Amino acid sequence: MAHAARAARRSTRSTADRTDGRSARRPESARRTGSGAKRRTGRLAAARSAPLPRGPELSRRQLVRITLLLGMMTALGPATVDMYLPALPQLESEFLTSTASVQATLTGSLLGMACGQLLMGPLSDTIGRRRPLLAGVGVHVLSSLAMIGAPTIGVLMALRVLQGFGAASGAIIALAIVRDLFVGRGASTMLSRLVLVTGIAPVLAPAVGGFMLSFTGWRGIFLVLAAVSLVVIVLCGLALPETLPPERRIPAAPRAMASTVGILVRDRIYVGALLTQALMFAASFSYVSGMSFILQDGYGLSPGEFGYLFSAGTFGMIAMSQVNPILLRRFSPGHVLVIGLAGVVAMGATMTALTSLEIADMWGLIVPLWAALAFQQLITPNAQTIALAHHGHRAGTAAAFLTASTSVAGALAAPLLGFVGTTAVTLAVVMLGFYVLSATATATLVRRSGIRASDVDGPPVIPPARDSTES
């Protein structure tokens, strides 16, 4: 009996020892797995929070990554507008409404963009760039999905305002990030690279819209837009670092904000560059809102043919956007801006003459129009560079007014053709008028002093935090 009891005790201790050994090994393995997961999570968090070098200090890999991410952010706005264009005549017939009412849905999205830019830009100066970006694009996802079930043109217009509000965060914060990292020729070159990336959106968007229109109707277009904005959220959430550290942020105080706005309004060069760009966008949106009706109703093209022809014009825009950095090797951003303005005025006059005299039929409109759109790519990035050159520490707010002005100008111009008549001649005359006004803003406000001041380069100057409301 005693022997049996001792054997039982030995067996119990052996079993307990084995059990304890397995228990000890399992937590160690779990600890190793947990620590590995923490290290991976830490590396992702560090990649997102690590500040990027500025200007020429960026590595080639960092430059490619930031260009692609910013390109996706800014492409969301053009995709929101251009993918929708082939559906305008279908919306007019489905909702039994007028051409001006359908064009007003474009106005709604542009007004939403203006409101979003005015809110998200200053907000990003206060809390950083990442959080406003992700929240705004989230609004774009939800509003795009809601538009699939829009029962009336009024509901669709209201949702387009929200959709524009969400799309604005991508463009405005991308522009602020460029100013966080670049200045002068470096900023103009980076903005030209963004035009190359975002040029894909106007090329693909009308073709995708025409394709979806053939199979799903106009509602399928908004499903695609929701998917695109969801991809932007995921990629920027994982790979876009914060470019505005806390010490460079503007306090969320009404007095500081009022001081910032006052500085911008009193800056003649900033206001001139703002008006130059805004009037150029007014010309662009006259084209965007009217071309679908002119080509489909006036010249008898199908939605698919319109999409392909509309997309073809963007190849010249992409090519000229890459000519811009070449010109910047010899000329300042201000001088390249003047070259672009001379080009658009000349092409606008040619387009007006050919359409008025009915020379070359449809191509008398399209060829000089494509050339004018190409010359615009010498204007936009350089006007933005001039406007932001002396406002690095208030880049979000300065970019907000800069981009909001384009949305307001586009919103006012979009329905204009619907009231004066959507024809090739009226389109040419309206665009020429905006081109002349844009050149006048540069000549009277930016002047030679602004053009000479744009001839700078190097990393942006970072002022101390205490000077955040000083000029």
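## Helix α14

Helix α14 covers residues 361-376, and its 16 residues should span 22 Å at 1.5 Å a residue; the end C-alpha atoms lie 24 Å apart, which agrees. The expected span is 1.5 Å times one less than the number of residues. Helices are DSSP runs (H or I, at least four residues), numbered from the N terminus. Buried residues in α14 include M362, L365, I366 and L369; buried means under 20% relative accessible area, exposed over 50%, and partly exposed in between (1.4 Å probe, protein chains only).

This is a predicted model, in which local features need pLDDT of at least 70, side-chain atom pairs count only at pLDDT 80 or more, and totals for chains, interfaces and linings use all residues. Residues are numbered from 1 along each chain as its sequence is written, and side-chain values use heavy atoms, with hydrogens and water left out.

## Salt bridges

The whole structure has four salt bridges, each defined by a side-chain nitrogen of Lys or Arg within 4 Å of a carboxyl oxygen of Asp or Glu. E94 pairs with R219, with the closest N and O atoms 3.3 Å apart. E94 is in helix α3 and R219 in helix α9, so this bridge ties together parts 125 residues apart in sequence.

D180 forms a salt bridge with R129 at 2.9 Å and another with R248 at 3.7 Å. Shared partners join D125, R129, D180 and R248 into one network. D180 is buried at 0% relative accessibility, as are R129 at 2% and R248 at 10%.

Conventions:
Helix = DSSP H or I, 4+ residues; strand = E, 2+ residues; numbered from the N terminus.
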